[in-house]
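Dear colleague,

I am passing on a structure that I have been reading through, and it is placed just below. Please look at it first, and then compare it with my notes.

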Amino acid sequence: MSTTVRRALAALTLLLVGSGVVVAAAPAQAADPVIPAMTNIRTGLNTGFDRVVLDLTAGPAPAVSYQLTDELTADPSGEIVWLTGEYFINVTATPAAAHDLNGNLTYTGPQKFRTRNLRNVMAVAVTGDFEAHLSIGLGVRSRTAVHVFTLTSPNRVVIDVAH
């Protein structure tokens with residue numbers, strides 16, 4: 001706000017207060033939106049499917065989607081993310097992040113890791129954390145059914161990949 005505008009507002013306030021007119025206070029600045037932040041990535045082998053779970057902090061459950069693709073790209077750079085796998089699954093969660101409002105990382109685990117304990121999912125990578133869009137890439141052995149959904153209390157993004 002410019003100095004001229006501030007002075008004009010101060011003069012108007014003094015004029016209104018001096019004349020006995022009561023001015024309602026302006027509402028406080030809107031609070032920063034709550035964006036769930038990823039704190040952990042867990043994997044597990046289940047009968048018929050591999051499961052990857054993204055643990056999130058409190059906030060609204062993000063909308064999730066996925067895309068089967070021939071390669072993964074980093075968001076926002078667009079550079080190829082090299083990951084073990086024959087095929088790839090790109091999962092996005094919005095709003096979600098891997099950092100807090102001050103820019104501090106909330107997920108301090110590896111950005112890429114192999115999943116030797118799973119049958120189809122070979123590797124996982126954090127491929128994007130930009131403007132409340134969190135992207136995770138999975139390298140898989142074969143193209144099969146994928147089911148992505150959220151759970152709450154606590155917030156989680158669940159990615160099930162059939163064997």
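The largest nonpolar core in this predicted model has 25 residues, and those with the most contacts inside it include Met38, Ile41, Val52 and Ile136. A nonpolar core here is a set of buried Ala, Val, Leu, Ile, Met, Phe, Trp, Tyr and Cys residues joined through side-chain atoms within 4.5 Å, where buried means under 20% relative accessible area, exposed over 50%, and partly exposed in between (1.4 Å probe, protein chains only). Among the elements that give two or more residues to this core are β1 (38-46), β2 (49-56) and β9 (133-140), and the largest share, four residues, comes from β9. Strands are DSSP runs (E, at least two residues), numbered from the N terminus.

Apart from this core lies another, of six residues, among them Leu72, Val81, Ala123 and Ala125. Val81, which lies in strand β5 (residues 80-81), is buried, with a relative accessible area of 13%. Leaving out residues up to four places away in sequence, Val81 touches Leu72, Thr73, Ala74, Lys112, Ala125 and Thr127, contact meaning heavy atoms within 4.5 Å.

The loop between β10 and β11 holds Ser153, which has a positive phi of about 60° although it is not a glycine, and which counts as exposed at 71% relative accessibility. The peptide bond from Ser153 to Pro154 is cis, with omega near 5°.

Residues are numbered from 1 along each chain as its sequence is written. Because the model is predicted, local features need pLDDT of at least 70 and side-chain atom pairs count only at pLDDT 80 or more, while totals for chains, interfaces and linings use all residues, and side-chain values use heavy atoms, with hydrogens and water left out.

Best wishes
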